[in-house]
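Visitor: Hi, I'd like to walk through this one with you. Can we start as soon as it's on the screen?

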Amino acid sequence: MNIVDQLSSKRLCFTVTSGRSGTKLLARLLREAGGICAEHEPAPRFNYVFRSIVDTPEAARWWLLTEKLPAIAGLVGSGNAYAELSHLTSKGFIEPMLDVGLRPAFLLLSRSPRAVASSLFRIGAVPERTASGRLVLLGPSESLFLPLPGWRQLSDYQLCYWYAREIERRQAHYRLLFTAKGLDWLDLDFDRIADWPTFERVTQFVGGGGEPARERFEEILASNQNPRAGLLEGVAERDLPANLNEQESQVEQLIAARERDAA
């Protein structure tokens, strides 16, 4: 039995999200309170090959078949469901998954553009401009959904804000694609992760198993799952600019002008 046939009998679930959107927390909740095999960016991680896939998209299929999918099979074992929560899945890996014959479900995990941009800016993860940004984030020169000429003139915060808006466009695209292909998908807002009835629905969507454990759910929520301090590696957190409204408005104007020109 090949790896695709082996995994086709499992309930696989992946995310379409920006990062800094609660994936680590949700993975732990699903695993420890929901009883589901759920992982947050496990090895082999998408970011190991992300830059190579941006440059050579056709390599994604080979990597999935030889590295990623066998690793998932090993993690899920005899279980019926597997969830992987990573913001990199939607950056070049979804179509190859579908092309090899998998039919996963997808969580579209959203957070407000300002909240995403602020979190990325504070840890110095800037698309196109910093090492940590290039490692895991798409930039305006690489986006199929929201390319932006003249992006080099943008500030660091504006690039982070553009990225958050690009992910919104990416999610809109995938809602249509998943619906057209008859795939299961569910929208989830960052602010609802800690809501118990919402978590019950998410658990049922992802794994379809038994009742989640509310006491463990509450215990996990009492701790910060992905603090920014752990990502800064001793570097001081950056202060946000004072003129966020102005900077965001400039990006929105550039997006609107680009879309008028493309119409």
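Visitor: Is L30 buried or exposed?
Guide: L30 is buried, with a relative accessible area of 0%. Here buried means under 20% relative accessible area, exposed means over 50%, and partly exposed is in between, using a 1.4 Å probe and protein chains only. Before we go on: this is a predicted model, where local features need pLDDT of at least 70, side-chain atom pairs count only at pLDDT 80 or more, and totals for chains, interfaces and linings use all residues. Residues are numbered from 1 along each chain as its sequence is written, and side-chain values use heavy atoms, with hydrogens and water left out.

Visitor: Okay. Where does L30 sit?
Guide: L30 is in helix 2. Helices (H or I, at least four residues) and strands (E, at least two) are DSSP runs, numbered from the N terminus. A33 belongs to helix 2 too, which covers residues 23-33, and A33 is buried at a relative accessible area of 4%.

Visitor: How far is A33 from D239?
Guide: Their C-alpha atoms are separated by 35 Å, and A33 and D239 are 206 residues apart along the chain. For L30 and E246, 216 residues apart along the chain, the C-alpha separation is 39 Å.

Visitor: Let's switch to strands. Why is strand 4 called largely enclosed?
Guide: Because six of the six residues of strand 4, residues 105-110, are buried, it is largely enclosed by the rest of the structure. A105, L107 and L109 are buried on one side, and F106, L108 and S110 are buried on the other.

Visitor: Which strands does strand 4 pair with?
Guide: One partner is strand 1, residues 11-16, which pairs with strand 4 in the parallel sense over four bridges. Strand 5, residues 185-189, also runs parallel to strand 4, and five bridges join them. Two strands pair if DSSP finds at least two bridges between them.

Visitor: Which residues have a positive phi without being a glycine?
Guide: E41 is one of them, with a phi of about 50 degrees, and E128 is another, at about 70 degrees. Most residues other than glycine have a negative phi, and most peptide bonds are trans. E41 lies in the loop between strand 2 and helix 3, and E128 lies in the loop between helix 6 (113-123) and helix 7 (131-136). E41 is buried at 16% relative accessibility, and E128 is buried with a relative accessible area of 16%.

Visitor: And what joins A43 and P44?
Guide: A cis peptide bond, with omega at about -10 degrees. P44 is in the loop between strand 2 (37-39) and helix 3.

Visitor: New topic: what about holes?
Guide: On a 1 Å grid over the protein atoms alone, a cavity is a set of points where a 1.4 Å probe fits but cannot get out, and a pocket is an open set with protein on both sides within 12 Å along at least five of seven lines; lining residues have an atom within 4 Å of a point. Grid points are joined across faces, edges and corners, and a volume is the space filled by probe spheres set on the points. The lining of the largest cavity includes E41, P42 and R45.

Visitor: How much space lies in the second largest pocket?
Guide: About 330 Å³. It's lined by 14 residues, and P57, K91, G92, L144 and R170 lie nearest its centre. Helix 3 (50-55), helix 5 (94-99) and helix 8 (156-180) each give two or more residues to that lining.

Visitor: Last one: how many disulfides?
Guide: The count is zero, taking a disulfide as a pair of cysteine sulfur atoms within 2.5 Å. C13 is in none, and the nearest cysteine sulfur, that of C37, is 12 Å away. C13 is buried at 2% relative accessibility, and C160 is buried at a relative accessible area of 0%.
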